[in-house]
Amino acid sequence: MITDRITSFLGVAPLLLLVAVGLSIMLIDAFSKDRSGLALTTAMSLFAAAAISGAIAVRGDLVAPAQITRYLAVDQLGLFFDVVICAGAGLSALLAGGYLKEHGLERGEFYVLLIFTAFGAMVLARAVDLLSIFLGLETMSLGAYALVAYRRTSARAVEGAVKYFLLGSFAAAILLFGSALLYGATGHTDLAGIRDAVGSGAADPVLTILALVMILVSLAFKVGAVPFHMWVPDSYEGAVTPVTTFMSVAVKAAAFAVLVRVLAGAFGDEVSMDLFTGWTPVIVILAVVTMAWGNLAALAQSSVKRMLAYSSVAHAGYVLVGLAATYELGPTAVSAVLYYVAAYTVSNVLAFGSLVLMGSKGKEAVSYEDLAGAGRRHPAAAAPFVVGVLSLLGMPPTAGFFGKYYVFSAAVQAGMTWLAVLGVLASAVGAYYYLKVIVYLFMREPAEDAPIAVPMRSYYVAAALLLSGYYVLRMGVTPGRYLDFAISAATTFLG
Amino acid sequence: MGIGAYLALASVLFGIGAVGFLTRRNMLIQLMSIELMLNSANVLLLAFNRAYPGNHDGQVFAFFVIAVAAAEAAVGLAIVIAYYRVRKTIETDRATLLRY
Amino acid sequence: MTGAGATLFVVTAIFAIIGALITVAARRPLRAAMGLLVHIVSLAGMFLTLNAHLLAALQLLVYAGAIVVLFVFVIMLIGPEAETGPIEGRLVSRSTAGALTLAVFLVVATSVGGFDAAWIAVDADFGTVEGLGLAIYRNALVPFELISITLLVAIIGAIAIARSPTE
C-alpha cells in the first residue's frame, strides 16, 4: 500500500520537511527579488518541524525503514532534540528577520544555510553510527562556518570564521581518526555494535581508550568546554547576533546529543563509566574547569555579547555536571541534561534577542555602556532582557532555575555533593555579570557624548522574544510537562 | 608484515599533520595539514577493513571522508579568500582583532 | 603480505611520509601543495595493497584532481602574500604538538602487536567498483543522501562567503 509506504517514513518526517523547505527557498530566491517573506517562511517551517516531532513523540509513531534506523535513530531522544533544535533555529530565524533587514544584510542564502545547518544538527542528534555522526557533524559545521562568515566584508566576522573553521576542522579530523580507531578496535561502526564489543571485552582495550579520548576531545571542542573553548568567544562575537544565538542553542544542543549517545550509549557499560577507570572522572574535571573558567572569564568582559559567549561556555559546564552523574543515576541524570539544554535554549534566545532589539541601524548594542539607561527610556524593550538574564542566572520562576535544580540535584544524588556545591558557587559568580546588565539598563546614564542606543522596531524580533519569554516562564512555573518528555526520552534511550 | 604496519604509518602521518596544524601560522598550510590528518584516517579505515573483510564498512566510510574533505576544502578556501580580501594577509598570528 | 605487495607498501609509505613532511615544512604554499600531491598519489598506490581499487581511483580523481587543484588556484589568486616563514608557531603550541604526536604514536605503536593479524583472504569483489558500489547503494543509502546535503551546504556556503564584496 502506498499509504503504508509513506507512513513508514513518519519517524524522519521533520528531516524530510526541512530538506524540502530548504530546496524550495533556494528556488524561490533564485527567481524572486522579494525577500520579505523568507524569514517568516523559514521560521514557520522550523516551528512546524518542531511541532511534528512533538506530535510523533506523543503519538509514539516511531517507525522508519531499517535502512534509515541503521544510521539515524528514530527514538524519543532524537525527537526531543528535534524539538529543541528546530525551536532554537526557528527563533533565530525570527531574530534574523528583524536584524538583517535593519542592518541591510538580508540575502536569501542566509535562510537556506540556516535550515540546512539545523538539518545537520538534527542528523547529528539522531546519529547512531560513526559514519552518520561524522556526516551530521560536518553538515552542521560547514553551514555554521559559512553563517559566521556571512557578513563577509567585516574583518571581525571573517576573523571569527577563520578561527572557528580552523579549530573546528582540526577537531573534526581528530574525531575521524578516533572513529577509525574505534572501528578497528571493535570491528563495528554502529554504536550498538560498539557497545556490545566494548561491554563484552572483545574490543582491543588500548585502541578503544585512545579512540574514546580522541572522540571526547573533539566533542568537547564542539560543546565549547574548557580547555577547548578558545574559538567560542571569537566566533560568537564575530558572527551576526542571530547566528550567535543559533550557534549557542542549536549547534550546542546537537553536540550534547551526540555526547550523550556516545558516552551513555556506546560506552554505557559499568567498566567504561566507572568513577575511577572510566570516562566519568574526565567529564567531572571538564565540568569543573569549564564552570570555573567560563564564569571568571565572563566577569572580565566589557562587551555584553562576549560576556554571553563566555556564559555559554559556563553553561556547557553545568550540563556536563548532569552528564557526570549518569554513571550512578542513568536516565534521571540524562533527563536533567535534556531539560537543561531545553531551558538554556529558550533563555539564551531571550537574552541574545534582547541584545538584538536594543540596537538599530548604524548602532548595534554590544557593550554594557551601550545599554546604559536604556531600561528607563524603553522599559518594554528592557523587560525581556531582565527575564532572560535572570533565567540564565537560575532565578525562580524561570526555566533556568529548574534546569540548574535538576542538574545539581542529580549530582547530589550521585554522591557528588561537592560538585553541586561548586556549581552553585560558580552560578553565584555568574550573578555578578548577569545582574550588571540589569544595573546598566536601569541605574546608569550614558556618557555625555556617547551615542544613545535606540531599540529597533520589528515584529519578527518582538515575536521571537514573546515566544521565548513565554516558554522561559512556562518552563519555570510548570516544568512537569517538559520534564516528562525529557524523562521518557532518557528512559527509552537507556532502558 | 601485517595490518600493524599500516596502523603505525597512519599514526605517523596523523602526527605530522597535527604538528603542521599546530606549528604553522599560514592558513593555507594549516588547511593542507588538516587534509593530511583526514588522509591518515582513511589509511586506518582501509587497513582495518582489510582486517575485517566481511563487509565494506571501512571502505564505505573512507568513500564519504573523501567527499567531505572536498566540501571542507571548498568552504575553508572560501573563508581564506574572504579573510585575505579584508585583511590582506593569511597569517593566523595577525588575526588579533577579537581580544578583550 | 609478501613480495610485490610489501615492496609497494614500503615504497609508497616512504613517499607518503616525505610528501607530508614537505607539506608541513615548506616555506612556500605552492611547494606545500606539491608535497600534498606526492602524498596523495603515494597513498592511492598504497590503497591498492589493501584491495581498495575503487578508492585508489577516487583518491586520484577527487584529492589530486580536485582538492589540490583548488589549493593551487587559491595560492595563485592570493599571490606572493601567501608566502611565510617555515615554522612560525609559538613555543607553547610547538611543544603541545610534539607531546600530542608522541602520545598518539606511542599508544598506537604499543597496540600494533595486537593487530598484526595475518592477512585474511577476501572475496573477489572486495573493494572493486561492483563490490563497493553495491555496499554504498544497498546499505549506505542514507549516508549517501546525507552527503548530498553536505555538499549542497558547502557549495552555498562557499559562494556566499567568497562572492565579491560589492554585490
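**Notes on chain C, its contact with chain A, and a helix pair in chain A**

1. The contact takes 21 residues from chain C and 29 from chain A (two residues are in contact if their C-beta atoms, placed from the backbone, lie within 7 Å). On the chain C side, α4 (91–115) and α6 (141–162) are the elements giving two or more residues, and α6(C) gives the most, with 14. By class, that side has 16 nonpolar, five polar and no charged residues (Ala, Val, Leu, Ile, Met, Phe, Trp, Tyr, Cys and Pro count as nonpolar, Asp, Glu, Lys and Arg as charged, and the others, Gly among them, as polar).

2. Before going on: this is a predicted model, where local features need pLDDT of at least 70, side-chain atom pairs need 80 or more, and totals for chains, interfaces and linings use all residues. Residues are numbered from 1 along each chain as its sequence is written, with chains lettered from A and ligands numbered from 1 in the order in which they are written.

3. Chain C itself has six helices and zero strands (DSSP runs numbered from the N terminus: H or I of at least four residues for helices, E of at least two for strands).

4. Over in chain A, the axes of α17 (331–357) and α21 (399–413) come within 8 Å and cross at roughly 155° (lines fitted to C-alpha atoms over the stretch in contact, angles from 0 to 180 degrees between N-to-C directions). That makes α17(A) roughly antiparallel to α21(A) (over 145 degrees). Their contact includes Tyr339(A) and Tyr340(A) of α17(A) and Phe402(A) and Tyr406(A) of α21(A); it has twelve nonpolar, four polar and no charged residues.

Terms used: Parallel < 35°, antiparallel > 145°, perpendicular 65-115°, else oblique.
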